Amino acid sequence: MEYLDLSPYEYARFPLALRCIGWLGREHGVQGSGEPPVTAAELTRLKAAAQRLGSVMLGVHECEFCPEGSAYQGTGEFRYYLRNGESYSAPMMVLHYVDAHAYRPPLVFREGLAETGDLPWDVRAQRLSDVLLDASEDFDFRCQAVIDLANWPDARAVDALDRAAADEELADIVGEEIHRSRELVISRLKR
Ligand SMILES: [Zn+2]
């Protein structure tokens with residue numbers, strides 16, 4: 001799938017509005033040639049900011065810019081929740097695109113990532129928590145909420161994940177993911 005940087009994310013249904021980063025392909029090639037080069041600090045932030053890999057069930061992508069036969073493959077996507085309230089989705093391969101193909105993500109996204117500090121609980125976290133705990137919600141939304149709540153080091157995330165763990169259907173399918181998100185939130189709460 002190929003999308004222009006910063007366009008609304010439409011690859012899969014998702015409970016929050018996201019914008020696209022690094023969904024590169026043949027039609028538009030390696031986007032971002034007009035942006036400044038990515039600094040080492042920015043690349044480090046890009047790697048560190050992605051807490052969990054989501055949507056791994058959506059299938060394997062092959063890098064279209066690697067030599068044929070030795071193309072880098074990736075599956076799943078990173079979702080970046082910035083302190084300025086913007087949320088982005090990038091394919092897992094975004095790190096490879098920056099490393100190997102000099103992809104330059106939009107500066108507005110990189111500047112947003114540079115705002116450091118823990119994310120305060122906000123409408124996005126509340127929405128994910130509500131989705132997670134609503135048995136009538138789309139089951140895949142609930143699974144993605146398990147992954148993404150790990151971005152908020154807040155007792156409310158732990159509480160929501162604890163309640164999810166008590167939900168038999170969720171525990172059966174994504175019990176391990178619930179555990180990992182919970183551990184991540186708790187380890188960041190202790191810092
Ligand atoms: Zn490649």
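Is cysteine 63 buried or exposed? I looked it up: cysteine 63 counts as buried, because its relative accessibility is 5% (buried is under 20% relative accessible area, exposed over 50%, partly exposed in between, with a 1.4 Å probe and protein chains only).

I noted the ground rules. This is a predicted model, where local features need pLDDT of at least 70, side-chain atom pairs count only at pLDDT 80 or more, and totals for chains, interfaces and linings use all residues. Residues are numbered from 1 along each chain as its sequence is written, and side-chain values use heavy atoms, without hydrogens and water.

**Zinc site**

I listed the protein donors of the zinc ion: Cys63 (SG), Cys66 (SG), His96 (NE2) and His101 (NE2), at 2.0 to 2.2 Å (donors are N, O and S atoms within 2.8 Å of the metal, 3.2 Å for Na, K and Ca; water is not among the atoms, so sites may look incomplete). Their spacing along the chain reads C-x2-C-x29-H-x4-H. Histidine 96 is buried too, at 11% relative accessibility.

**Salt bridges**

I searched the whole structure and found 16 salt bridges (a side-chain nitrogen of Lys or Arg within 4 Å of a carboxyl oxygen of Asp or Glu). Glutamate 86 pairs with arginine 19, with 3.8 Å between the closest N and O atoms. Glutamate 86 is partly exposed at 33%; arginine 19 is partly exposed at 35%.

I then checked arginine 79 and glutamate 77, whose bridge is 3.0 Å, N to O. Both residues are buried. Aspartate 122 and arginine 124 meet at 2.8 Å, N to O, and arginine 124 is buried at 6%. Last, I logged a salt-bridge network linking Arg52, Glu176, Glu177 and Arg180.
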